[in-house]
Amino acid sequence: MTERCAWCGNDPMYVAYHDAEWGVPSHDDRHLFEMLVLEGAQAGLSWITILRKREHYRRVFADFDAERVARYTDDDVMRLLADPGIVRNRLKVASAVANARAVLDARERFGSLDALVWQFVDGVPRNDVRRSLADVPAETAASRAMSRELKRLGFRFVGPTVCYAFMQAVGMVNDHVEGCFRQREIAAGCSIT
């Protein structure tokens, strides 16, 4: 039997996300934008709720094409607020549009969203070996610094906890717990902290 992080349980969608995506370093701007939006949408909810809505999010947010989402109007926001396939929170929906615009600005200033966010780990994934889920922090100095900078640049729903969840999701940190088969596989490309 393969040992995994306990948080994914046995839901096939959760297990697939854990095994194939969570903690894998990503440098694709579209994926980074997607995860920033989804992590913000998740605030106060369970991640499995967001995973179950993910495909619909992809449809209504133009497959997370920041250029297209940045052009969304107030009418688009109202349309999205009526859509039961996403989290219908006005602030979260509006933040997705604002964040798309901030991504475009970040590309102008930094070359890419990738260059902006990965600077907080000096471009190298961190391997913070955790013995158990209880050892995984909700935020870190790096996520607090990222949060401050993203807010300064106009991003929304990017508090330190959201930023840390984002960092975990896109592989900036490897928080698979000790004993999880993915911890060992991903650790090969991480810096030791």
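**Exercise 1.** State which helices each supply at least two residues of the lining of the largest pocket, and describe that pocket.

*Solution.* Step 1: the helices are α1, α2 (29–42) and α9 (160–169), where helices are DSSP runs of H or I with at least four residues, numbered from the N terminus. This is a predicted model, in which local features need pLDDT of at least 70, side-chain atom pairs count only at pLDDT 80 or more, and totals for chains, interfaces and linings use all residues. Residues are numbered from 1 along each chain as its sequence is written, and side-chain values use heavy atoms, with hydrogens and water left out.

Step 2: α9 gives the most to the lining of the largest pocket, five residues. A pocket is an open set of points on a 1 Å grid over the protein atoms alone, with protein on both sides within 12 Å along at least five of seven lines; lining residues have an atom within 4 Å of a point.

Step 3: the volume of the largest pocket is about 420 Å³. Of its 20 lining residues, Trp22, Glu39, Trp47, Ala165 and Gln168 are the closest to the centre.

Step 4: by class, the lining has 14 nonpolar, four polar and two charged residues. Ala, Val, Leu, Ile, Met, Phe, Trp, Tyr, Cys and Pro count as nonpolar, Asp, Glu, Lys and Arg as charged, and the others, Gly among them, as polar.

**Exercise 2.** Describe how α1 packs against α3.

*Solution.* Step 1: α1 (residues 12–20) and α3 (residues 47–60) pack at an angle of about 90 degrees, and their axes are 10 Å apart. α1 is therefore roughly perpendicular to α3, a term for angles of 65 to 115 degrees.

Step 2: α1 brings Met13, Tyr14 and Tyr17 to the contact, while α3 brings Trp47, Ile48, Leu51, Arg52 and Arg54. Contact means heavy atoms within 4.5 Å.

Step 3: the residues of this contact divide into six nonpolar, no polar and two charged.

**Exercise 3.** Where is Asp63 placed, and is Asp63 buried, partly exposed or exposed?

*Solution.* Step 1: Asp63 is in the loop between α3 and α4 (66–69). Asp63 is not a glycine, yet has a positive phi of about 55 degrees.

Step 2: the relative accessibility of Asp63 is 41%, so Asp63 counts as partly exposed (buried is under 20% relative accessible area, exposed over 50%, partly exposed in between, with a 1.4 Å probe and protein chains only).

Terms used:
Axes fitted to C-alpha atoms, helices over the stretch in contact; angles between N-to-C directions. Parallel < 35°, antiparallel > 145°, perpendicular 65-115°, else oblique. 1 Å grid on protein atoms, 1.4 Å probe; cavity = no way out; pocket = protein on both sides within 12 Å on 5 of 7 lines; lining within 4 Å. Points joined across faces, edges and corners; volume = space filled by probe spheres on them.
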